[in-house]
Every structure is written in structure tokens, then in C-alpha cells.
Amino acid sequence: NPVNVAVVGATGVVGEALLAILHERGFPVAQLRLLASERSAGERVEFAGRKLLVEDLATFDPEGIDVALFSAGSDVAREHAPRFAAAGATVIDNSSAFRDDPQVPLVVAEVNPGAIADRPRGIIANPNCSTMQMLVALAPIHRAAGIERINVATYQSVSGTGRGALEELGRQTAGMLNFREAKCEVYPVQIAFNVIPHGGDFCDNGYTTEEMKLVHETRRILGDDSIGVNATVVRVPVFYGHSEALHIETREKLTARQARELLQDAPGVEVVDEPRGGGYPTAVTHASGHDPVYVGRIREDLSHPRGLSLWVVADNIRKGAALNAVQLAELVLAGRDGTRA
Ligand code: 11C
């Protein structure tokens, strides 16, 4: 049965993708309400060929909303998600606000879908994009051979930072090609023609918040606190699609061929691994605008008897955020218990 859906953060980069994906997948929408801050309220946004009005979240009454897809940052989620849940909606939140709340499941649709059933607060958390794609690729390997340790370096596109960052990369690139100096407003240093070893904020331990999300979210989603994760998050001048170089150590030996075969059968994964003819996935040639998590360059680590190296690429706005949120909403509808959507 169609349900009433609210999209919170409807004018953002992820909000826009949420609307496109709801439409593409034929999500059963009865009524769709688009919400944003007062600043964006009054704008019109397209859904299924119609221009819908964006309403002010602060004054919106959530009564009657069945599913609320939040993509408006942690502060907004902390303030408003509980209000929607109290009114009977199931909230799926894209921010990091609830990801370490034991009462809020943290779910990747292909990895731990069963976890959504236990949601006492009526809220489900969507993982961070770099964790999301890493675990779609690694969960099948973890199930088959057990992962002891993950070393990951990310190459994250600017869309992960939001619309302002997309504009900054475009502006700096165009400006520099015209011999103008780069103006930095979103990133602390120039992003055009550069790579920046910094995503999120720095923590006291020297890592960044983006790096620590890879540690904590991985353990929580795979349900194994013994997994060691060491991450370096890097921002690159790419518009859409995050790439990751993964080096993992498994408990049981897994050959590259075995890993390739496992991943060929894994949900949500597409293996692109014929590297000689350029058969490896990249953000631009494969990921951007597409749903799968692409895996290539699968090979055995020359320096470790149970080590594997992989290259993993996905659209951070789709699988990394909006697509997974819609998949979770689909799972919620599939498991409806009659009291909550
Ligand atoms: C980025 N992963 O690429 C981030 C954006 O915790 O959901 C999303 C932040 C989050 O910068």
C-alpha cells in the first residue's frame, strides 16, 4: 500500500538523489512532503514531472507521515527526527547523529538487513558513504574467511561535502585554467588539481572524524569489535564517486580467484577486473550515476600470507547515501507490522 513520505533536506545533493531514486524504483508514495530549512522553504523541486513546494521543517507537523528520509545533517536530525518518530513515522537518517546509538540500528541493505527490525526509537541510521561501499564489498569476504584487519585509503569526491564543494571545485578549476588564483571557501586548501589528506574534523588521536567513522561503523555493521581498521581519508578533485584502496588481512587464507568468485555472486557488487585492457572501475567511467559497488584490481598481497588488495568504487550520493536509504525504506515496508510503516 502506498505510504506518506517526507524528504527532509529535499534541496540538498542527497535530497535530490532521494527524489530521483524514489521515482526510479517506483517506491509506493501516497503523499510526498518536501522539507528544508526556512532558507529553502518556498522553493519548488521536481518529482515525477511535477514541481512540488518545499515546506519549512521547523513548523511542519509530522502527523500522518509514515516514512521520513532525513538528509539534513546531524543537528537537524537530533532536533527533528525524534519528533517525526514520536508522530509514528519510521525515520531513516543519513547523518552521523544516531550511528552509535545502541537503540538505533545502523544498516547496509546488502550486509545486515535483519537489523532494521529492532528499532525501538523508530529511527534507522544510514552509514557514512565510505563505510557503505567498503562493506558491500567486504561483507562476503568477512563471512567466508573472517577479516582480521582492514587498511583503507579513500579517494573521496567533493560531492560528499555538499553543493558548495561541487561549486568550489568547478570555480577553482575554471579560474585556474584562466590564470586566476584559487579562492578557498569550503576546503582549507585548494582542491582543484590537488589531493587533500583531510575529510571531516581532526580528533585528538590524529585521525579525522571521517576516518573514525570507518573504524566504528565497520565494527558495528559487521558485528565484530575485533576487526582492526586503519584509515586515511583523502579528498580528490572528482565531482561524484568515491574510490578506495583496500588492503585486508583475513583469518583464513583466501586466494584472489576465490575472492573474485565470491564477489561476482555478491549482492550489490559488480566485479570489473580485467585490468590489462583498462578493465578496472573508476568514479567517472563506472560509478557516477550508477547503483552498484564496483570492485577491481583484486590481488594477493605480496607482503602478507593472508592479505588481499582490492579497489572499490561507488557513487557516494547513490549507494553511499540516497540509494541505501531508499533500500532501507523498502525493507521497512516489506516487514510492516501494522503499527509502524
Ligand atoms: C564525505 N562521507 O564524503 C562524507 C559525507 O557522515 O554521512 C557524509 C558524512 C556522513 O565527506
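**Notebook: salt bridges, sheet and rings**

I began with Glu 210, which counts as buried because its relative accessibility is 9%; I took buried as under 20% relative accessible area, exposed as over 50% and partly exposed as in between, with a 1.4 Å probe and protein chains only. The model is a predicted one, so I note that local features need pLDDT of at least 70 and side-chain atom pairs count only at pLDDT 80 or more, while totals for chains, interfaces and linings use all residues. Residues are numbered from 1 along each chain as its sequence is written, and side-chain values use heavy atoms, with hydrogens and water left out.

**Entry 1: salt bridges**

I next asked what the side chain of Glu 210 meets. Its partner is Lys 213, in a salt bridge of 2.8 Å from N to O. My criterion was a side-chain nitrogen of Lys or Arg within 4 Å of a carboxyl oxygen of Asp or Glu. Both residues belong to helix H5 (residues 209-222), where they are three residues apart, about one turn of the helix. I used DSSP runs for the elements, numbered from the N terminus: helices are H or I of at least four residues, and strands are E of at least two.

By this rule I counted 17 salt bridges. One of them joins Arg 25 to Glu 330, with the closest N and O atoms 2.8 Å apart. Arg 25 sits in the loop between helix H1 (13-24) and E2, and Glu 330 in helix H8 (residues 318-334), so this pair ties together parts that are 305 residues apart in sequence. I found both partners partly exposed, Arg 25 at a relative accessible area of 36% and Glu 330 at 25%.

I then turned to Arg 33, whose salt bridge with Glu 55 also has its closest N and O atoms 2.8 Å apart. That pair links distant parts of the chain, Arg 33 being in strand E2 and Glu 55 in strand E4, 22 residues apart. Arg 33 is partly exposed at 25% relative accessibility, and Glu 55 is partly exposed at 21%.

**Entry 2: the sheet**

I traced an open sheet of seven strands in the order E3-E4-E2-E1-E5-E6-E7, with mixed pairing; I called two strands paired if DSSP finds at least two bridges between them. Which strands stand at the edges? They are strand E3 (44-47) and E7; each has a single partner strand, so one side of each is left without a neighbour in the sheet. Direction ignored, neighbouring strands are turned by 30° against each other on average.

Helix H2 packs on this sheet, touching strand E1 (3-8), strand E2 (29-36), E5, E6 and E7, and its direction makes about 175° with that of E5. For contact I required heavy atoms within 4.5 Å. The axes are lines fitted to C-alpha atoms, for helices over the stretch in contact, with angles from 0 to 180 degrees between N-to-C directions.

**Entry 3: strand E6**

Strand E5 (residues 67-70) runs parallel to E6 and is joined to it by four bridges, with Leu 69 having Ile 92 as its bridge partner. From E5 the chain passes through helix H2 (residues 74-86) to E6, a right-handed β-α-β crossover. Right-handed here means that, with the strands pointing away from the viewer, the path from the first strand over the helix to the second runs clockwise.

Strand E7 (residues 123-125) pairs with E6 in the parallel sense over three bridges, and Asp 93 stands opposite Ala 125 in E7.

In a regular strand the side chains alternate between the two faces of the sheet.

**Entry 4: aromatic rings**

I listed three aromatic pairs. Rings of Phe, Tyr and Trp (its six-membered ring) pair if their centres lie within 6.5 Å; planes under 30 degrees apart count as stacked, over 60 as edge-to-face and the rest as tilted. Phe 60 and Phe 84 have ring centres 6.0 Å apart and planes at 20°, so this pair is stacked. Phe 60 lies in the loop between strand E4 (50-56) and E5, and Phe 84 in helix H2, so the pair ties together parts that are 24 residues apart in sequence. Phe 60 is buried, at a relative accessible area of 5%, and Phe 84 is buried at 0% relative accessibility.

How are the rings of Phe 70 and Phe 84 arranged? Their centres are 5.2 Å apart and their planes at 90°, so the pair is edge-to-face. Phe 70 belongs to strand E5 and Phe 84 to helix H2, 14 residues apart. Phe 70 is buried too, with a relative accessible area of 0%.
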